[in-house]
Structures are given as C-alpha cells and as structure tokens.
Amino acid sequence: HQDVPFEKLVEELQPERDLSRSPLFQVSLTLQNTPVSEIRLPGLSLTGLETEEHTSKFDLSLVVEPNPTGAIAAINFNSDLFDGETVEGLL
C-alpha cells in the first residue's frame, strides 16, 4: 500500500465487485509505530489528534500501537459477523 495507492491496485486488478465487502481483503492488521509529531509553520502549529472509529471498514481490523510498557490494541469488527465475546476471545 505504501508504494501503490489502493485505488490504483483495484483499478489494475479489476476484482469482481461485491458491495457488501472490500474488493481485495476483509481483515486488516495495522502496526501504528510512527510517532505523533507536531508540525510547525510560520504562524501555524498542527498537532495530530487521536480518533475513534465507530464503523468497520472491513470485517475485522486490529490496530496495535507500541508504548513504553508494552502495547495497546484496538479492534473494530462487523457486528453482523462477530459478537463481542468472539472478538474478546480473539484479543
């Protein structure tokens, strides 16, 4: 994904489309290990904000962020496919 934009990949591969799911994969794992940095420009200062996802883009998404004491994990899932107990078991 870093070298080729997702939209370009879909365009080139032309997978069979099903609007009920993502065209190439249904599960994602993200290791968020890039430090949040502040951007400073003349007369402007930008700082990243933490956000929470309330909708699932994929059937299952796991985000892991290392911290000084270990790691923090967040999982987002399609509630039509998984229940809370199943997801807790996965974690």
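Analyst: Start in helix H1, where Glu11 and Lys8 sit 3 residues apart, about one turn of the helix. The model is a predicted one.

User: What makes the contact between Glu11 and Lys8 a salt bridge?

Analyst: The distance from N to O is 3.9 Å. The cut-off is a Lys or Arg side-chain nitrogen within 4 Å of a carboxyl oxygen of Asp or Glu. The side chains of Glu11 and Lys8 therefore meet in a salt bridge.

User: How do you know that Glu12 forms a salt bridge with Lys8?

Analyst: The closest N and O atoms of this pair are 3.2 Å apart. The limit is within 4 Å, so the pair counts. Glu12 and Lys8 both lie in helix H1, 4 residues apart, again about one turn of the helix. Salt bridges that share partners join Lys8, Glu11 and Glu12 into one network. The structure holds 2 salt bridges.

User: Why is Glu12 called exposed?

Analyst: Glu12 has 53% relative accessibility. Exposed means over 50%, so Glu12 counts as exposed.

User: And why is Lys8 called partly exposed?

Analyst: Lys8 has 38% relative accessibility. Buried is under 20% and exposed is over 50%. The value for Lys8 falls in between, so Lys8 is partly exposed.

User: Where does Val4 lie, and why is Val4 called partly exposed?

Analyst: Val4 lies in the segment before helix H1, which covers 6–13. Val4 has 39% relative accessibility. That value is between the 20% and 50% limits, so Val4 counts as partly exposed. Val4 also belongs to a nonpolar patch on the surface, with Leu9, Leu13, Leu24 and Phe25. Together they have about 380 Å² of accessible area.

User: What about Gln14: why is Gln14 called exposed?

Analyst: Gln14 reaches 66% relative accessibility. Gln14 lies in the loop between H1 and strand S1 (27–31). Its phi is near 45 degrees, a positive value in a residue other than glycine.

User: How do you know that S2 and S3 pair?

Analyst: 4 bridges join strand S2 (residues 38–41) to strand S3 (residues 44–47). Pairing needs at least two bridges, so S2 and S3 pair. The two strands run antiparallel. Ile39 has Leu46 in S3 as its bridge partner. S2 and S3 form a hairpin with 2 residues between them. Gly43 in the turn has a positive phi of about 80 degrees.

User: Why is Gly70 called partly exposed?

Analyst: Gly70 has 39% relative accessibility. Gly70 is found in strand S5 (residues 70–77). Gly70 and Gln32 are 38 residues apart in sequence, and their C-alpha atoms are 13 Å apart in space.

User: Which pattern does the protein chain follow, and why is it called more spread out than a compact globule?

Analyst: The protein chain has 2 helices and 5 strands. Along the sequence the pattern reads α-β-β-β-β-β-α. The radius of gyration is 17 Å, well over the 12 Å that the globule rule gives for 91 residues, so the chain is more spread out than a compact globule. The C-alpha trace spans about 50 × 40 × 20 Å along its principal axes. Buried residues make up 10% of the 91 residues.

Methods: Residues are numbered from 1 along each chain as its sequence is written. This is a predicted model: local features need pLDDT of at least 70, side-chain atom pairs count only at pLDDT 80 or more; totals for chains, interfaces and linings use all residues. Side-chain values use heavy atoms; hydrogens and water are left out. Patches are made of residues with over 30% relative accessible area and no salt bridge: like charges are joined within 9 Å, nonpolar side chains (Val, Leu, Ile, Met, Phe, Trp, Tyr) within 5 Å. Accessible areas come from the Shrake-Rupley method with a 1.4 Å probe; for residues, only the protein chains shown count as cover. Buried means under 20% relative accessible area, exposed over 50%, partly exposed in between (1.4 Å probe, protein chains only). The radius of gyration is taken over C-alpha atoms; the globule rule is 2.2 Å times the number of residues to the power 0.38.
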